[in-house]
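Hi there,

Here is the structure I promised to pass on to you.

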Amino acid sequence: MVSKSIDNAFTARAVRGAATDPTYAGALSFMRRKYSKSLKDVDAVVLGIPFDAAVSNRPGARFGPQAIRRASAIFDNDPQYPFSRDLFEQMAVIDYGDVLLDYGNHQKTPALIEKEAAKIIASGAYLLGLGGDHFVTWPLLKAHAAKHGPLALVHFDAHQDTWDDDGKRIDHGSFVCRAVREGVIDPTRSIQIGIRTHAPEDFGIRIVHGWEVEDMGAQAIADTVLSHVGDRPCYLTFDIDCLDPAYAPGTGTPVAGGPSSAKILSVLRKLGPLDIRGSDIVEVAPAYDHADITAIAGATVAMYMLGLRAEKLATRA
């Protein structure tokens, strides 16, 4: 019988391997990973970004990282489904904690996030961000592009986030516009999945609308993403409002008519061939959630992102 331990987030002696905390107890980190600021010999880093001052509707996503970490406790101990493996047996993952932000000086927020992300990326580790509203993707994208060059954006969302931006706005609905204009992403190889609102610009980005997602199977959606992005290095960002409010009520700008969590998770599972350089899950706002439905969906998306990374590392070994 495995020797049980508690509070693996603090007591772990290594950054690999499963924890044995009960799902209902123990210190909460993302999937019980060790809290650490050391990037030595680390394969992937989970970083919380508790910021929601850019929202256009309901605030509360600053509590998203806490909610996602809490919901992720159910995923440790057993091999993670559907990856049929302990993701951490060979992949060293830490929870880096949260970015320290000044709630009274939002203009400093982008640089603070970018600086923290750049430090992690420079170590060679894969960065998984837990938002926060969707504005946080802008500094994360900048940090990744500084190392990898312009990226293809793989964007799951109900919104295009291409509203006009003067380069100074703190706005969760315009980061894609800014990323295109500043050459951080390549719009010709970028794709948005689940869109069911209108925006004035699409910048040539391929859009798979909500009604198309409804009519297509998961394999067809995944094939569309894979063929469009190809072998281009990409960044994967997932706004939880991509899902229908029935599956993700706890978010700031819910839009009816979206896909189920089961369908979109099936799509994510098939994106292994992509060259994903970094990712994030954003817009989980637990104040509007019920029974942790949204937090569980968000934590599952984040776990899938790490699962794809674990498989990628396994093929390189």
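Below is what turned up when I went through the pockets and cavities. Please keep in mind that this is a predicted model.

Let's start with the pockets. The largest one holds about 200 Å³ of space. Its lining is made of 16 residues, and Ser56, His159, Asp161, Trp163 and Gly173 are the ones nearest its centre. Sorted by class, that lining has nine polar, five charged and two nonpolar residues.

The second largest pocket comes to about 160 Å³. Among the residues lining this pocket are Tyr126, His144, Lys147, His148, Ile276 and Arg309. Helix 4 (137–148), strand 9 (276–282) and helix 9 (293–316) each give at least two lining residues, and helix 4 gives the most, with three. Here the classes are five charged, four nonpolar and three polar.

Now for the cavities: how many are there of 30 Å³ or more? The count is two.

The largest cavity has about 70 Å³ of space. Tyr126, Ile276 and Arg309 are included in its lining, and these residues also line the second largest pocket. Helix 9 supplies the largest share of the cavity's lining, four residues. By class there are six nonpolar, two charged and one polar.

The second largest cavity has about 40 Å³. Helix 8 (261–269) and helix 9 each supply at least two residues to its lining, with helix 8 giving the most, four. Seven of the lining residues are nonpolar, one is polar and none are charged; Phe238, Leu243 and Val301 are among the residues found there.

Happy exploring!

Conventions:
Residues are numbered from 1 along each chain as its sequence is written. This is a predicted model: local features need pLDDT of at least 70, side-chain atom pairs count only at pLDDT 80 or more; totals for chains, interfaces and linings use all residues. Side-chain values use heavy atoms; hydrogens and water are left out. On a 1 Å grid over the protein atoms alone, a cavity is a set of points where a 1.4 Å probe fits but cannot get out, and a pocket is an open set with protein on both sides within 12 Å along at least five of seven lines; lining residues have an atom within 4 Å of a point. Grid points are joined across faces, edges and corners, and a volume is the space filled by probe spheres set on the points. Ala, Val, Leu, Ile, Met, Phe, Trp, Tyr, Cys and Pro count as nonpolar, Asp, Glu, Lys and Arg as charged, and the others, Gly among them, as polar.
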